[in-house]
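Have a look at it first, then read on.

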Amino acid sequence: MAPLLKINSLSKTFGDSLQVLQGVSFDVRRGEVVGLAGTSGAGKSVLTSILAGLASPSSGEIWLNEERLVNHWQPRELGIEIIHQEPELVDQLDITSNIFLGYEPGWPNNRRWQIVPDNSRMDQKATEILDKIGFRFPSLREEVKNLPAEQRQILAIARVMTREPRLLIIDDPSDLLSIRYQEKLLELITEWRSLSTAVIFASDNLDHLFTVTDRIIVLRNGEVVDRVKTDETTREKLVSSMVGTRSENLTPAIWALDRYYRARQQAENLQRQQGFLQKDLQTQGNLNQQLVEELAIQVRALDEANLSLQDAQRRLMTEREQERKHLARELHDQVIQDLLGTNYQIEAVQAAASEELSQSLAEIRANIRSMVDDVRRICGDLRPPTIDSLGLTAAINSHVRDWSNRTGIQVELNISPKLNRLPEAIELSVFRIVQEGLNNVWRHANADLAQVNLEPTSPRTLLLTIQDNGVGLPDNFDLAALSAGGHYGVLGISERVALLGGRLQFKNRPVQGTTMQVEIPHPRS
Amino acid sequence: MSDMTKARQAGPIEAGGGKQQTLGEYVNAWWSRIKGGDLGSLPIIIGLILIIGIFGYLAFDKNFFSARNYVNLLLQVSGITAIATGVVFVLLIGEIDLSIAFVGAVGSVTMTLLLTQGEEGLNWPWYAAVGAAMLVTTLIGLLHGAIITRAGVPSFVVTLAGLLAWSGVVLILTTQYSKAGTIVIQDPVVKGVANAFLPKIWGWIVYAVVIIGFAATEFYQRASKARQNLSIKPMGISLFQIIGLAVIAGAAVWYANTDRGVPVSIMISLVFLFFWLFIANRTRFGRYVYAVGGNPEAARRAGINVNMIRIACFMISSFMASVGGIILASRLGSVSTNTGGGNLLLNSIAAAVVGGTSLFGGTGRVTSALLGALVIASVENGMGLMGWNSGVKFVVNGMVLLAAVLVDAYSRRSRASSGIA
C-alpha cells in the first residue's frame, strides 16, 4: 500500500542563510504513529507548521495520497487535523462554537452549502467528545476567553475529534496539559492508530514517544539523523542521535531530558497529595488538639502530685525537726537534770564517805559529768541550742568550733555580717547542710583544712560554700548513684536543697580537694 | 494544585438542568453581568433617554415631541440605520470602511442616472435601476475587499483612497449629466421610498406580525432550551419582554399614525436590519464573521476562508451603503455634487460605535446600528430644531461619539478586572 504522506527532500531556509530544515524525507502510512524526536530547535515545529500549511517550504515536495500539495493548502480540507503546541481559539465564541468552528453540523448537511448550524446537535456531540477526553465544563455556553490554558488546549484536542482525520499532526501539546490529560492524549493516539489514521507525533518526551510510536524519526539541526523502529531502539541510542554525542557521555543527557518530565510529574503528584494532606491535616489538627489538651491535663496533674509530694516531704522534715527539738529538750530537761541531781547526791554522799570511797565517787562524778557533756553534745546536734535564741551565725559558729575541736580539722569560717535572721525552716536547713557537709569532709575527704563561707549574693539568695583540701571526688561521682553506696549524707543535702528550691553543685578544686556550692533562695527577711 | 483545582471546578454539564430560573436568580445574573462590565444595550438606552430628555427640555416649545417631528426623526434614522448596519459587519471583523458615504452616493447617482427619462435619458425601470445600483456598489465592496486581502494593505488606507476616488466619481457623473450638478429623481416609486407612508391599517398589520413573530421566537427558544436541558429565563421575564416590546412598538406605530403614518423608508431599513441580524446570529457565515474578528489565526486554522469572509463583509458594507444612499437620495428627491458629503460618513460610523459595536473586532450586535442611529439622529434633530450652527453640532456629535468609545473602553477594562474578558 502506498504511503499516505510522502515527504521528499524538504528544506526550509529563513532569509539567506538560516537553514532550519535540510532535505528531510520520510513517509507515513495509514494506521502508523511516527514520532518526531529532537531537542528544541531541531526543526520539529518548523516541519509540523509546513505540514499544517502555515509555512511554505523553500524546496522539496509533499505528497498526500498520491497528490502533490502546493503552497498554502487548507489542511482541514485535505483531512489533515493538527493539534498545535499552543491552541488558537476565538475568545468571543463559546465552547461549543469553538470546538466545531469551521465544520458546524447543521442544515443543509454539507459544508460548502451549509447555512444554519444546528446548535443542539453541536452541544450534544461536544458533550460526547468531552466525555471521551474526560473533562466536563460547567456550561458549554461559556465564552472561551474565561478559560485557563489547559482547558483551551483540551478544546483544541476536542476540535480534532469532531472529524475523522486521515492524517493527524500533533506538535507536542503536553506543555499546557497536566499529566492526567497527557496520558489521555496518548490513549487517544492509540485509538486513532487503530482507526488507521496516520499520526505524526512530535515530542521530546521519551516516555511519550516510546509509549505510542511505531517509528521514530530523529531530527537534529534540521536534518534527519536517524530513523528507527521504536521496538528496536533504546533510550540511550535515541538520545545519542538526538544530541549527537557518543554513548559514554550520554547518561547526563538522558537525565537532563528526562529530569524535566519526571520533575513535572512528581510536582503534580505532590500537588495532588498536598491537596489530600491539607484535608487530612484539618482532621489531624483536631486530633492533635485533643492530644495536646490531654497531655496538658496530665502534666498539670503531675505538677500537683509533685507539689503535694514536696509539701509532704517538707512537713516530714519539719516534723522531724520538731521531734528532734522535743527529744533534745527531754534529754536536756530530764536526763541531764537527773544526771546532775545524781551528781549532787553523790557529792553529798562523798562528803560523808571514806577516803577510798571518796576517790571512786569522784571518778563516778567525773564520768557523770562527761556523760552530761556527751548528752549536751547530742542535744546540741539534735537541736542547736543557740539557733533559736541567737540565730544561724551563732549556731554555725559554735558547731564549727566544737566540730573542729572534736575532729582536729582546722576550719576557716567566714559568715557575712550582712546575714540577717531567716525563717526557721531555712536557718535549720542551712545549719543541717553545714553539719552534713562538714561530716562528709571528716569522713571522706581526709583533709586537714576546711573552709566554710556563707554570704547573701542578693537580697533573696544565700550562697553556702564548703571547701576542703582533701582527696577530692572520685571520677565516677554521681549524685544518683550515691544512695546505692549508702551515702545518705549527700542525698540528705540534695533533698533539702531541692525542697528549698535551690541549686547544689559539687566539683573538684583545681589543685586539691572538693568544693560544695549551695545556692538557696529565701523570702525577704 | 492548579490543574487539580481546575478539574474539580468543572461540574456536570449545564448546571441549569432544564429548570426555569427564578426571577431572583435571573436578576442576580443580570446584575453581576452589568457589574462585570458586560453592559449590553444598557448604556445606549440610558443615553437615548438622556438625550431625549435634554432636547425635550431645551426644544420643548420648538415641537420636539410633536408627532410631525417624530415622523421626521424616523425618516432621518432610516438612512443612517441602513448604512450603519453595513458598518457593523466591517467593525466586527476588526476593520473599518471610510468609503461608505461616497460609495452610497455612487449607488444613488448611478440609480438616478439610469432613471433619467426623456429622449436623452436611459429610461430604466425603477427595479432595474435600483438593482444595478446595488450591484455596482457591491462590486465596489468586492474591489475594496480584494485589494485589502490580496495586497495586505490596512483597510483604513484602502477605504480612505476609496473615499477620495468615489467622491471624484460622484462629481464626474453628476456634472457630466447636468451643468448645475443636480439631477432630479423622476421615478415615483423611488421617490416614494422616503416620502411614502404605510396606510394606518398596514402599520398595525406589520406591528401585529412583528409582535407575534417575536413572541413565537421567544417561546420556540424556551422550548428548545428545555429540550437541551439548558437553564431557562423566568416566564415572567419572557412575558415582560414581549409585552414591553408590544407597548413600545405599539406606541411608536400609534404616534406615527397620528401624523402621516409609519414611513416606508424605516420599514425598509428594519427589514434589512432583521435580515442581517439573522445572518449574523443564526448562520454559519455570521459565526465566521465573529470568529475572524475575534481571532483571525484561530479562524484560519479552523479551516475558515478568512479572506472570503473579509471580502464579504466589505461587500455587505458597500451594499448597505447603497441602500442608505438610495433612501437619502429619495428623501431629497435628487442627487447632486454634494451627495455623500457632509457628516454622513462620520454619523454612520458613529451610529455603529455608539450602539455598542467594538472598534477592536469580534464584539457587537447588528441591532446596535438602529440604537446608535436613533441617538445620532435625535441629537441631530434636536440641534436642528434649536437652530444651532454647524460648529456646535460637530462639537456635540464629537462628544457623543467620545462618550460611546469611553463606555466601551471602561466596560472592557472592568470586564478584564472581573475576569470575564
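## Chain A at a glance

Of the 525 residues in chain A, 30% count as buried, meaning that 20 or more other C-beta atoms, placed from the backbone, lie within 10 Å of the residue's own. This is a predicted model, where local features need pLDDT of at least 70, side-chain atom pairs count only at pLDDT 80 or more, and totals for chains, interfaces and linings use all residues. Residues are numbered from 1 along each chain as its sequence is written, while chains are lettered from A and ligands numbered from 1 in the order in which they are written.

Chain A holds 13 helices and 17 strands; these are DSSP runs numbered from the N terminus, with helices being H or I of at least four residues and strands E of at least two. Take the contacts in chain A between residues at least 6 apart in sequence: 66% of them join residues at least 24 apart. Two residues are in contact if their C-beta atoms, placed from the backbone, lie within 7 Å.

Strand β14 (residues 449–458) of chain A pairs with strand β15 (residues 461–468) of chain A in the antiparallel sense, over 8 bridges. Strands pair if DSSP finds at least two bridges between them. β14(A) and β15(A) make a hairpin, with 2 residues between them, and Gln451(A) sits opposite Gln467(A) in β15(A).

β15(A) also pairs with strand β17 (residues 514–521) of chain A, again antiparallel, over 7 bridges. Here Leu463(A) has Glu519(A) in β17(A) as its bridge partner.

## Where the chains meet

How many residues of chain A are in contact with chain B? There are 39, and they touch 33 residues of chain B. Elements giving two or more residues to chain A's side are β8 (116–117), α3 (119–133), α4 (149–160) and α8 (250–352) of chain A. α8(A) gives the most, with 5 residues.

## Two helices in chain B

Over in chain B, the axes of helix α9 (residues 200–227) and helix α10 (residues 235–258) come within 10 Å and cross at roughly 170°. Axes are lines fitted to C-alpha atoms, for helices over the stretch in contact, and angles run from 0 to 180 degrees between N-to-C directions. α9(B) and α10(B) are therefore roughly antiparallel to each other, the word for angles over 145 degrees.

Residues of α9(B) that meet α10(B) include Trp204(B), Tyr207(B) and Phe214(B). Among those on the α10(B) side are Ile242(B), Leu245(B) and Val253(B).

Conventions:
Angles under 35 degrees count as roughly parallel, over 145 as roughly antiparallel, 65 to 115 as roughly perpendicular and the rest as oblique. A residue is buried if 20 or more other C-beta atoms lie within 10 Å of its own, exposed if 12 or fewer, and partly exposed in between; C-beta atoms are placed from the backbone.
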